[in-house]
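The sequence and structure are shown first.

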Amino acid sequence: MKVDVLLGLQWGDEGKGKIVDVLAPQYDVVARFQGGPNAGHTLEFDGIKHVLHQIPSGIFRPQALNVIGNGVVLDPIVFRAEIEKLMKYNLKVQDNLFISKKATIIVPTHRLLDAAYEKAKGENKIGSTLKGIGPSYQDKIGRQGLRVGDVLSSNFFEKFERLSAIHFEILKRYDIEYNWPELEAQFLEAISFLKQFKLVDSEYLLNNELKQGHRILAEGAQGSLLDIDFGSYPFVTSSSTVSAGACTGLGVAPRHIGEVYGIFKAYSTRVGSGPFPTELLNEEGERMRKEGNEFGSTTGRPRRCGWIDLPALKYSIMINGVTQLLMMKADVLSIFPVIKICTHYELRDGSRTDTVPYEYVNETITPVYKEVKGWNCSLKGLGEKELPKELNGYIALLERELGIPISLISTGPDRKETILRSK
Ligand code: GDP
Ligand code: IMO
Ligand code: MG
C-alpha cells in the first residue's frame with residue numbers, strides 16, 4: 001500500500017486539519033512529517049471545535065495510529081498542554097500516538113532565540129509564530145540538536161545543559177528577558193511527561209505498516225509557499241513543506257508515495273510578512289477576513305486576505321506532483337457578486353508570466369485578473385447536484401487552468417460540510 005500525502009498549496013491554513021480528519025477513517029496511520037507547534041489545524045464535528053498543533057489530525061479517529069515523524073520539531077511543553085486538552089474526549093492517546101525518537105526537541109531557549117532574532121530584524125521580521133521553529137531546525141542542521149530519543153539516555157540533562165549554555169551565550173547579545181529557573185522546571189516536567197508515550201523508530205513502524213498492506217496519510221503543515229526552498233524566501237518557515245518532505249520526514253521511499261492531495265482555499269490568505277501579490281488592502285479584504293473568520297489558529301493574528309492566485313497554485317502543483325485538488329471555503333466567496341481570479345503576473349518591464357519569478361520577493365509584481373460572476377447565495381446544506389451554476393463554472397475554470405481535477409469542495413468548517421465530487 002501507499003503513503004498518500006495531503007498538503008497545503010498556499011501559505012498555510014488551507015483547512016488541512018479538517019480534511020485529514022475527514023479522510024482519516026480510510027487510513028490506518030496518520031503521520032506528521034515536518035513543522036511543529038507553529039501549525040494550528042482546526043477540526044470541527046458534533047459541535048466540538050478543536051485546534052491541534054503537533055498531534056496529527058487523525059487523533060479523533062480511534063482506528064488510526066498517529067505518528068509524529070522524525071522531520072517534526074517537537075516542543076514537550078506544548079505537547080503536554082495539547083494532551084491535557086485532549087483528556088476530556090477520552091481518547092486512547094497513549095495507545096495510538098507514536099513519536100519518532102529522531103524528532104528534534106524544541107528547548108525553551110529556542111523560543112527565546114526566535115523572539116530575539118525577530119526583534120533584531122525590525123521591519124524585516126519574518127512574522128514568525130515565535131514557537132522556536134527556526135532556531136530548532138538550525139540546531140538540527142547544525143548537528144547539535146536534541147532529539148526525542150535522547151530523553152531516554154542517562155545523560156539527557158547534561159546534553160540539555162550543554163545546548164542551553166550555547167544559547168545563553170548568543171542571547172547575551174540581545175535584549176531579551178526571561179526567568180530561566182521557571183522555564184527549565186517547566187521543560188523538565190514536560191520531558192518526564194513525554195516519557196510516558198511511545199517513543200519509537202517510526203521509520204520502521206511506518207515501513208512495516210506498508211508491508212502489511214496498510215494505508216498511511218501524511219499530513220503536511222504550513223503550505224508550499226512557505227517551504228524553505230521553494231517558498232518566498234526568507235519569508236518562509238524552516239522545513240520542507242512540499243511532498244518530498246514526506247519522504248525525508250518519515251523515512252519512506254519515493255516509490256511508496258501514492259496520491260498527493262493539494263489543498264487550497266477558494267481565495268488566498270497569508271499570516272506574517274512576505275509577498276502576497278493578490279492581497280486586498282481594502283474593504284473587500286476586510287469582508288473576506290470577517291466572512292472567513294481569518295484569524296490565526298495558533299497566534300490569533302488577523303490573516304491577510306486576497307483573491308486566488310493561479311501562477312502560485314500552478315507552481316505548488318508542479319513542485320508537489322499534485323494528483324487531486326481539494327478546494328476549501330467556497331462558502332466564504334458567497335458574499336461577492338464578482339470574483340477575481342489572478343491568471344498572470346505583470347512584471348516591472350510590462351511583460352506577463354504565469355510562472356513565479358525569483359524576483360517575486362524583492363520586486364512589485366502586478367496581478368492580472370479575470371473576473372467572473374459570483375454565486376452570491378448560501379451553500380449551506382447543498383449537495384453536489386445542487387451547487388449554483390456560477391460555482392460549478394468557477395470550479396471548471398480552475399480545473400481547466402490548473403490541469404488537475406478538483407475532487408472535493410468544502411462549504412463550511414464542519415466535517416459534514418464536505419462534498420466529494422463524482423468523477
Ligand atoms: P490548517 O492549518 O490548514 O489545518 O487550517 P486552519 O485550521 O488553520 O484554518 C482553517 C480555518 O477554516 C479553520 O478555522 C477551519 O475550521 C475553517 N474551515 C475549514 N474549511 C472551511 C470551509 O469550507 N468553510 C469555512 N467557512 N471554514 C472552513
Ligand atoms: P498551518 O500548519 C500559516 C508562517 C508564520 C510566518 C512564517 C514563519 O496551521 O497551516 P515560523 O513560526 O514557522 O518561523 O513562521 O510562516 N506560518 C504559518 N502560517 N499556517 C501555518 O501553519 C504556519 N506556520 C508558520 O506566520 O509568516
Ligand atoms: Mg493553521
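## Burial and backbone geometry

A residue counts as buried under 20% relative accessible area, as exposed over 50% and as partly exposed in between, with a 1.4 Å probe and only the protein chains considered. By this criterion Gln222 is buried, since its relative accessible area is 8%. Gln222 belongs to strand β10 and has a positive phi, near 55 degrees, although it is a residue other than glycine. Strands are DSSP runs of E with at least two residues, helices are runs of H or I with at least four, and both are numbered from the N terminus.

The model is predicted: local features require pLDDT of at least 70 and side-chain atom pairs count only at pLDDT 80 or more, while totals for chains, interfaces and linings use all residues. Residues are numbered from 1 along each chain as its sequence is written, chains are lettered from A and ligands numbered from 1 in the order in which they are written, and side-chain values use heavy atoms, with hydrogens and water left out.

Asp13, which is not a glycine, also has a positive phi, of about 60 degrees; its place is in the loop between β1 and α1. The peptide bond from Tyr233 to Pro234 is cis, with omega near 5 degrees, and Pro234 is located in the loop between β10 (216-223) and α9 (244-250). Most residues other than glycine have a negative phi, and most peptide bonds are trans.

## Surroundings of ligand 2

Ligand 2 is surrounded by 21 residues, of which the closest are Asp13, Lys16, His41, Thr129 and Thr237. A residue is near a molecule if one of its heavy atoms lies within 4 Å of it. By class, the shell comprises eight nonpolar, ten polar and three charged residues.

Oxygen atoms of ligand 2 take part in several contacts. One lies 2.8 Å from a backbone N or O atom of Asp13, one is 2.7 Å from a side-chain N or O atom of Lys16, and one is 2.9 Å from a side-chain N or O atom of Asn38. Taken alone, ligand 2 exposes 550 Å², and the protein buries 97% of that; accessible areas come from the Shrake-Rupley method with a 1.4 Å probe.

## Magnesium site

The magnesium ion (ligand 3) is coordinated by Asp13 (OD) and Gly40 (O), at 2.1 to 2.2 Å. These two residues are 27 residues apart: Asp13 is in the loop between β1 (3-8) and α1 (16-23), and Gly40 in the loop between β2 (29-32) and β3 (41-45). Donors are N, O and S atoms within 2.8 Å of the metal (3.2 Å for Na, K and Ca); water is not among the atoms, so sites may look incomplete.

Asp13 is partly exposed, at a relative accessible area of 21%, whereas Gly40 is buried, at 9%.

## Aromatic pairs

A search of the whole structure finds 16 aromatic pairs. Rings of Phe, Tyr and Trp (its six-membered ring) pair if their centres lie within 6.5 Å; planes under 30 degrees apart count as stacked, over 60 as edge-to-face and the rest as tilted. The pair of Trp11 and Phe276 is tilted, because the ring centres are 5.0 Å apart and the planes stand at 50 degrees. Trp11 lies in the loop between β1 and α1 and Phe276 in the loop between β12 (268-270) and α10 (283-291), so the pair ties together parts 265 residues apart in sequence. Both Trp11 and Phe276 are buried.

Phe45 and Phe60 form an edge-to-face pair, 5.1 Å centre to centre with 70 degrees between the planes. Phe45 is buried at 7% relative accessibility, as is Phe60 at 10%. Ring pairs also link Phe156, Phe157, Phe160, Phe168, Tyr178, Trp180 and Phe187 into a cluster.

Technical notes: Polar contact = N/O pair within 3.5 Å; in protein donor to acceptor, adjacent residues only side chain to side chain. Nonpolar A, V, L, I, M, F, W, Y, C, P; charged D, E, K, R; others polar.
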